Amino acid sequence: MKSTKDKILDNSRHLFNEQSYSSVTIRMIAKTLKMSSGNLNYHFKKREEILEALYFEMTKEFDYRLSSFSEMEVSINQIKIEIKLTMKRMIDYQFFWTDLYNILNLNDNIKTHFHKIYDARFESYIFLFTQLKKNKLMKVSILDWECQNLAEQMILYSNTWLYSTVLYGGKINESVIEKKANTLLSILYPYLTVKGKKEFYEIIDSNER
């Protein structure tokens with residue numbers, strides 16, 4: 001059975017996703033839970049505390065997966081699986097990614113951790129490229145600065161795909177996730193070997209070719 005605190009977080013997340021963080025008040029959250037604002041304030045004194053709790057709830061899984069990244073099987077297919085898992089987790093906390101700039105400027109703890117995650121993600125991509133080269137899936141001739149640019153491009157797309165989809169009126173469903181995952185994966189394509197490109201085409205939906 002969920003605790004009152006967990007219920008507050010779940011309801012807040014749904015409201016934030018539906019209406020945006022800036023549009024939802026403590027009173028609105030309390031109303032959906034049929035409790036008084038004072039009762040809610042017992043658990044969270046202000047809305048920003050709910051925001052911070054939801055952020056660290058979301059990134060708990062990201063942190064774990066980044067810490068175990070070195071143990072991941074390195075293949076084009078596994079990379080796509082990881083991409084889709086991340087995208088689905090982002091959708092659960094859509095409000096954060098569609099208002100990323102403003103939210104980062106609202107909370108120093110979130111901003112500091114987000115930058116820390118960026119550094120970890122960057123290093124994970126560099127490690128991934130090294131493993132892809134070892135497995136003869138990525139060209140060994142790719143220079144260090146090219147790998148760094150490639151990592152930045154992939155992180156940038158990861159951070160913004162959800163925002164851009166919503167901005168242009170797109171509906172988030174399995175088909176969109178598949179398409180966006182393929183788009184992110186295709187950033188790698190020019191750097192793949194013949195073997196890597198063969199694996200790439202084996203997992204890209206035929207409608208995307």
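## A loop residue to start with

Lys 136 sits in the loop between α8 and α9; helices here are DSSP runs of H or I with at least four residues, strands are E runs of at least two, and both are numbered from the N terminus. Its backbone has a positive phi of about 60 degrees, although Lys 136 is not a glycine. For context, most residues other than glycine have a negative phi. Lys 136 counts as exposed because its relative accessibility is 60%. The cut-offs are under 20% relative accessible area for buried, over 50% for exposed and partly exposed in between, with a 1.4 Å probe and protein chains only.

Ser 20 is another non-glycine with a positive phi, here about 90 degrees. This serine is found in the loop between α1 (4-19) and α2 (26-32), and with a relative accessible area of 26% it is partly exposed.

## What kind of model this is

This is a predicted model, where local features need pLDDT of at least 70, side-chain atom pairs count only at pLDDT 80 or more, and totals for chains, interfaces and linings use all residues. Residues are numbered from 1 along each chain as its sequence is written, and side-chain values use heavy atoms, with hydrogens and water left out.

## The overall layout

The protein has 11 helices and 0 strands, so the pattern along the sequence reads α-α-α-α-α-α-α-α-α-α-α. Its C-alpha trace spans about 65 × 35 × 35 Å along the principal axes. Of the 209 residues, 44% are buried.

Now for the contacts, meaning heavy atoms within 4.5 Å. Taking those between residues at least 6 apart in sequence, 71% join residues at least 24 apart.

## α9 against α10

Helix α9 (residues 144-167) packs on helix α10 (residues 174-186) at an angle of about 150 degrees, and the two axes are 10 Å apart. Axes are lines fitted to C-alpha atoms, for helices over the stretch in contact, and the angles run from 0 to 180 degrees between N-to-C directions. That makes α9 and α10 roughly antiparallel to each other; the classes are under 35 degrees for roughly parallel, over 145 for roughly antiparallel, 65 to 115 for roughly perpendicular, and oblique for the rest.

On the α9 side, the contact uses Met 154, Tyr 157, Ser 158, Trp 161 and Thr 165, while α10 brings in Val 176, Lys 180, Thr 183 and Leu 184. Sorted by class, these residues are 5 nonpolar, 3 polar and 1 charged. Here Ala, Val, Leu, Ile, Met, Phe, Trp, Tyr, Cys and Pro count as nonpolar, Asp, Glu, Lys and Arg as charged, and the others, Gly among them, as polar.

## α5 against α11

How do α5 and helix α11 (residues 194-203) meet? Their axes come within 9 Å and cross at roughly 50 degrees, so this pair is oblique. From α5 come Ile 76, Asn 77 and Lys 80, and from α11 come Gly 196, Glu 199, Phe 200 and Ile 203. The class count for the contact of α5 with α11 is 3 nonpolar, 2 polar and 2 charged residues.

Is Arg 89 buried or exposed? With a relative accessible area of 17%, Arg 89 is buried. Leaving aside residues up to four places away in sequence, Arg 89 touches Glu 57, Met 58, Glu 61 and Phe 62.

## Aromatic rings

A search of the whole structure turns up 12 aromatic pairs. Rings of Phe, Tyr and Trp (its six-membered ring) pair if their centres lie within 6.5 Å; planes under 30 degrees apart are stacked, over 60 edge-to-face, and the rest tilted. Trp 97 and Phe 114 have ring centres 6.0 Å apart and planes at 55 degrees, so this pair is tilted. The pair links distant parts of the chain, with Trp 97 in helix α6 (residues 94-98) and Phe 114 in helix α8 (residues 108-134), 17 residues apart.

Both Trp 97 and Phe 114 are buried. They also belong to one aromatic cluster with Tyr 55, Phe 56 and Phe 96.
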